[in-house]
Amino acid sequence: MNSGQKGAYLFPKMLAFSKERRSIIPAGDTSQFIPSKDADICILEEPEHLNWYHHGKRWTDKFNHVVGVVHTNYLEYIKREKNGALQAFLVKHINNWVTRAYCHKVLRLSAATQDLPKSVICNVHGVNPKFLKIGEKVAEERELGQQAFSKGAYFLGKMVWAKGYKELIDLLAKHKNDLEGFKLDVYGNGEDAHEVQSTAKRLNLNLNFLKGRDHADDSLHGYKVFINPSVSDVLCTATAEALAMGKFVVCADHPSNEFFRSFPNCLTYKTSEDFVAKVKEAMTKEPQPLTPEQMYNLSWEAATQRFVEYSELDRVLNSEHDPAKVRPNGKIIAKSLSMPNFSEMVDGGLAFAHYCLTGNELLRLCTGAIPGTRDYDKQHCKDLRLLPPQVENPIYGL
């Protein structure tokens with residue numbers, strides 16, 4: 001399953017979807033299939049729920065440098081469920097536990113996420129180049145005196161209440177008279193579609209519901225204003241895409257939108273009255289063309305550069321060129337031979353305790369784990385066409 005580069009591995013089908021957690025949970029200990037000689041750098045996407053039930057070698061023992069990237073505001077979603085306050089309290093502390101035990105560095109896309117140990121805030125997401133090309137085309141049309149935008153405002157997102165639909169309907173219902181004549185096209189599909197649409201109809205809101213589609217679809221190019229009132233996002237991809245296409249974006253003054261505030265076409269509001277003012281401003285004015293610097297900041301190239309800097313990969317990668325820090329077999333010597341400090345000992349103790357607790361199948365099932373996901377068996381390896389896992393004893397640095 002090696003992708004072709006040293007230390008780069010892909011493990012499809014090693015995941016299971018948990019209905020209770022509404023999350024994809026790893027099945028077994030993936031690290032067993034990675035040769036130790038290749039285990040240099042590990043990137044854990046969503047390090048919280050990837051480690052909730054992790055039972056195996058500690059990632060920071062297996063790899064020289066482990067970076068967790070936090071994308072989701074789990075606590076915000078959990079609070080909306082039954083007994084949400086209690087669940088959120090427990091999940092908050094479990095997230096702190098596992099990220100501290102298993103990561104060297106944690107990157108949070110925005111301050112909307114939980115404040116985690118060893119974490120810094122940095123947007124390491126970029127937009128698909130096709131959105132920047134659409135923005136360039138819009139700028140060219142405007143330079144030629146052509147009308148770039150022929151439509152008004154729209155909202156695009158999965159049609160579930162938590163994705164901003166509740167906030168949107170509340171705002172429009174409260175200020176129906178102030179926004180008289182304002183029409184909003186809404187694109188999206190989802191399990192709450194019927195309820196969202198029936199609520200809008202009952203309140204007699206001027207919303208035109210349409211099926212969801214790709215944000216780069218030609219039918220969306222002509223809109224001038226993207227409305228996004230969501231406060232559950234960590235960093236809304238659709239907002240970044242709309243800005244890249246040269247549109248106005250009206251969004252809440254919220255930590256999830258902090259990265260976008262530097263863009264002149266991003267109009268943030270603090271109150272519902274301010275929302276009305278920003279919508280009217282966007283509908284009566286023209287967006288400013290993106291500067292080369294702004295376009296670069298939205299790109300994946302810039303996001304990658306930010307990732308390397310904030311995750312301290314540059315320091316780790318530079319160590320590869322230091323002969324004094326490389327063993328004869330080519331593996332980097334990342335860990336000091338001196339005695340671990342108190343913090344490292346605590347982290348090791350947390351990892352050991354987590355390993356012991358996640359080894360109990362009854363406890364796993366009681367806390368929502370999927371049956372049979374603790375270990376891989378021989379048949380599982382055969383089905384996935386994998387070599388038998390390496391036999392490694394998960395020793396923790398206590």
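Which residue in E6 does Arg 108 stand opposite? Ile 121 is the one across from Arg 108. Keep in mind that you're looking at a predicted model. The protein chain has 398 residues, and 48% of them count as buried.

**The chain as a whole**
- Take the contacts with a separation of 6 or more: residues 24 or more positions apart account for 69% of them.
- The chain exposes about 20700 Å², and carbon and sulfur atoms supply 55% of that area.

**A four-strand sheet**
- Follow the order E3-E4-E5-E6 and you've walked across an open sheet of 4 strands with parallel pairing.
- At the edges sit strand E3 (41-45) and strand E6 (119-121), each pairing on one side only.
- From one strand to the next, the twist averages 20°.
- Strand E5 (residues 105-108) pairs with E6 in the parallel sense, over 3 bridges.
- Helix H11 (residues 300-310) lies across E3, strand E4 (65-70), E5 and E6, and runs at about 145° to E5.

**Strands E8 and E9**
- Here's another parallel pairing: strand E8 (residues 184-187) and strand E9 (residues 207-210) are joined over 4 bridges.
- To get from E8 to E9, the chain passes through helix H7 (residues 193-202), making a right-handed β-α-β crossover.
- Tyr 187 stands opposite Leu 210 in E9.

**Aromatic rings**
- When you describe a pair of aromatic rings, you give the distance of the centres and the angle of the planes.
- A search of the whole structure turns up 10 aromatic pairs.
- Phe 155 and Phe 226 have ring centres 6.3 Å apart and planes at 25°, so this pair is stacked.
- That pair links distant parts of the chain, with Phe 155 in strand E7 (residues 151-156) and Phe 226 in strand E10 (residues 223-228), 71 residues apart.
- Phe 155 is buried at a relative accessible area of 1%, and Phe 226 is buried too, at 0%.
- Tyr 187 and Tyr 223 make an edge-to-face pair, 6.1 Å centre to centre with 80° between the planes.
- Tyr 187 lies in strand E8 and Tyr 223 in strand E10, so their pair ties together parts that are 36 residues apart in sequence.
- Both partners are tucked away as buried residues: Tyr 187 has a relative accessible area of 4%, and Tyr 223 comes in at 3%.

Terms used:
Residues numbered from 1 in each chain as written. Predicted model: local features only at pLDDT ≥ 70, side-chain atom pairs only at ≥ 80, totals over all residues. Heavy atoms only, no water. Pairing = 2+ DSSP bridges. Helix = DSSP H or I, 4+ residues; strand = E, 2+ residues; numbered from the N terminus. Right-handed = clockwise from strand over helix to strand, strands pointing away. Buried < 20%, exposed > 50% of the residue type's maximum accessible area, 1.4 Å probe, protein only. Contact = heavy atoms within 4.5 Å. Areas by Shrake-Rupley, 256 points an atom, 1.4 Å probe, with all protein chains shown as cover. Axes fitted to C-alpha atoms, helices over the stretch in contact; angles between N-to-C directions. Phe/Tyr/Trp six-rings, centres within 6.5 Å; stacked < 30°, edge-to-face > 60°.
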